[in-house]
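Reader: I'd like to go through this two-chain structure with you, bit by bit. Could you show it first?

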Amino acid sequence: MNTVLLGMAILVLGAFLVVRLARLEGRVLSLAAPLAFGATLILLWEVLVVGFAVPMALMPAPSAVAARMAMSSHLLAQDFAQTFLKAVLAGYAIGCGAGFAMALLVDRVPFLRRGLLPIGNLVAALPVVGIAPIMVMWFGFDWQSKAAVVVAMTFFPMLVNTVAGLAAAGSLERDLMRSFAANHRQTLLKLRLPAALPFIFTALKINAPLALIGAIVAEFFGSPTTGMGFRIATEAAKLALDMVWAEIIVAALAGSAFYGLVVLIERAATFWHPSIRS
Amino acid sequence: MQSTRRGLMGGAVALATAGHANAQGLERLNLQLKWVTQAQFAGYYVAQARGFYRAAGLDVRINPGGPDIAPPQVIAGGRADVVVEWMPAALAARERGVPLVNIAQPFKRSGLMLTCRAETGIRTPADLRGRTLGVWFSGNEYPFLAWMARLGLRTDGSAQGVRVLRQGFNVDPLLQRQADCVSTMTYNEYWQVIDGGFRPEQLTVFRYEEQGVATLEDGLYVLESRMADPAFVTRMARFVKASMEGWNWARANVDAAAQIVLDNDLSGAQTIAHQRRMMGEIARLLDAENNGRLAVADFERTVQTLLSSGGASPVISRAPTGAWSHAVMDAIR
């Protein structure tokens, strides 16, 4: 009963605080309301789990998760390096690069567009849990097979968005380039690619969390004894859910940071686009 | 009016206390298996098919497991009354808030082994140094870690240690030559390697029983809170007695037991040849002497193996108390 009352009190106070803080303006002060909201939720989680003595096998308390993160920080760092720095980054670079290259090819040779776009569609529809074991068989247990899965997942969004972007340059501007006797390469580099940048960055932003998810799920199907997917699967089987949550938090932070980095680069590269200027 | 209400009340009370009695007066029981329907669980299927459970007044629903089904979670969620589980996973669950208690141990010996390709030159455990080994995780890695600790081999992939791969529930790493050795059960994956084209003389096999690091495998576990109810203990006693009758019958009638298992396989993935082989191997692991009564020495050996397996994330951090009980075996009449 006390727990329920305390929980309700936290909820009410937290709501009040968030509403008051939401009125603050400014780049740093505007973060106050979301931070307060997050803090309220975490405090509520802690109170409910501890108050109702929920077993750790069902739901660990945030304090237990934080303690685990501090205790196993070297393991978390190792898993992060294996999954993110090796599999995700390599797969992301190769997948987006291949999608981009294929889009340029499809744009140059319309005959290929009819054949290759449906294949790209098919590859995108393959479920991760189906291709992961096959990639493990082809590329072995280490990060290469996880990168291969990430390539398969990130290829199609990049392809489709780049193809759409290359068609986005206005006809007036394309006519202008033609009147300057610009060849295909000059038109591509000076007009069509810059015009396609917003679309390309959309694909890059979609692919960032997708790559992380793909790498983690692919690790469920065979991995060396390190990596975020490996750790989540084996610790969940041991019912050590505090470690599972610790890995989840690391994955969420990594995914958000990666996405944020892409957004920052987008702001710098497409500063001219109305969505950035406003 | 009065008698109808009294009748309804009586019926409700009877239903609540009788452990879900069904129309034929049999008491309903949900058994959760550790893995998919196969001869590893023949005793229970035989007891159901041959009417041993019915004769004991029980209507047993056998729920097969699988890769994503963890028996401790199933019983914690109230979807099973008794589960088949391996002791390391049960002790880990006990330490983490799901207090399982061992009420019977049908399997006395462990069927876990490491199967290596003889062409790698591995003949003795010392030859494992510097090799790539496939190990199951999700609870099956503890005998392996204890063995490596005993051999003094680090599992960090260094040249003086061993490189460990988390293998899936197949033997592909061995067949594809991505690993020098893989984890197998005597009754299942070893035969998948044979079916995959290897002859027995092309394989070097290490049985965990012979290495002294085996842990107890298929046992029956219930939640500790239910052991306080005498009616539950009696019901479990009838269940265990009928189950052991099923196991004894299966051991004596290997082919027929394999056929019963096949008849219960809804997935259609099993074959009679594989199940007959499996049943033959399982029969060697069963407890013929004590009829399923847990030997405390075996329990202690398992706990010692688990506590000595070390690693960054040990399965249990201290010796368990109250993790087994002979109350059910003693209640068998």
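Predicted model: local features only at pLDDT ≥ 70, side-chain atom pairs only at ≥ 80, totals over all residues.

Reader: Which residues of α11(A) are buried?

Author: A residue counts as buried if 20 or more other C-beta atoms lie within 10 Å of its own. In α11(A), that gives A:Leu241, A:Asp242, A:Met243, A:Val244, A:Trp245, A:Ala246, A:Glu247, A:Val250, A:Ala251, A:Phe258 and A:Glu266.

Reader: How far apart are the end C-alpha atoms of α11(A)?

Author: The helix has 29 residues, and at 1.5 Å a residue they should span 42 Å. The model agrees with that, because the end C-alpha atoms of α11(A) are apart by 42 Å.

Reader: What about α10(A): how many of its 10 residues are buried?

Author: The buried ones are A:Met228, A:Gly229, A:Phe230, A:Arg231, A:Ile232, A:Ala233, A:Thr234, A:Glu235 and A:Ala237. That leaves α10(A) mostly covered, and the count of buried residues is nine.

Reader: And which elements do the buried residues of α10(A) pack against?

Author: Both chains take part here. From chain A there are α4 (73-108), α9 (184-218), β1 and α11 (241-269), and from chain B there is β7.

Reader: On to the two chains. Which element gives the most to the side of chain A that touches chain B?

Author: In this interface, 22 residues of chain A are in contact with 23 residues of chain B. On the chain A side, α6 (128-139), β1 (223-224) and α10 (228-237) each give two or more residues. With five residues, the one that gives the most is α10(A).

Reader: How do the residues of that side of chain A divide into nonpolar, polar and charged?

Author: This is the side of chain A that touches chain B, taken residue by residue. Its residues divide into 15 nonpolar, five polar and two charged.

Reader: In which sense do β1(A) and β7(B) pair?

Author: One bridge links A:Ser223 to its partner B:Arg166 in β7(B). Over two bridges, β1(A) and β7(B), residues 163-166, pair in a sense that is antiparallel.

Reader: Which strands are the edges of the sheet they belong to?

Author: The sheet is open and has six strands, in the order β1(A)-β7(B)-β6(B)-β8(B)-β5(B)-β9(B), with mixed pairing. An edge strand pairs on one side only, and those here are β1 of chain A and β9 (203-207) of chain B.

Reader: How many bridges join β6(B) to β7(B)?

Author: In β7(B), B:Leu165 is the bridge partner of B:Gly134. The two strands run parallel, with β6(B) at residues 132-135, and the bridges that join them number four.

Reader: Why is β5(B) largely enclosed by the rest of the structure?

Author: Look at its neighbours: β5(B) pairs with β8(B), residues 181-185, in the antiparallel sense over five bridges, and five bridges also join β5(B) to β9(B), again antiparallel. Bridge partners include B:Leu112 with B:Met185 and B:Cys116 with B:Thr204. Strand β5(B) spans residues 112-117, and it is largely enclosed because the buried residues among its six number five.

Reader: Now the domains of chain B. Which element gives the most to the side of domain 1 that touches domain 2?

Author: Chain B is divided into domain 1 (22-108 + 216-330) and domain 2 (112-211), with 17 residues of domain 1 in contact with 11 residues of domain 2. On the domain 1 side, α5 (87-95), α12 (272-285) and α13 (296-307) each supply at least two residues. Giving five residues, the one with the most is α12(B).

Reader: How far apart are the C-alpha centres of the two domains of chain A?

Author: In chain A, the assignment gives domain 1 (2-54) and domain 2 (70-277). Their C-alpha centres lie apart by 35 Å.

Methods: Residues numbered from 1 in each chain as written. Chains lettered and ligands numbered in written order. Contact = placed C-beta atoms within 7 Å. Nonpolar A, V, L, I, M, F, W, Y, C, P; charged D, E, K, R; others polar. Pairing = 2+ DSSP bridges. Domains from an automatic or database assignment. Buried ≥ 20, exposed ≤ 12 C-beta atoms within 10 Å, placed from the backbone. Expected span 1.5 Å × (residues − 1).
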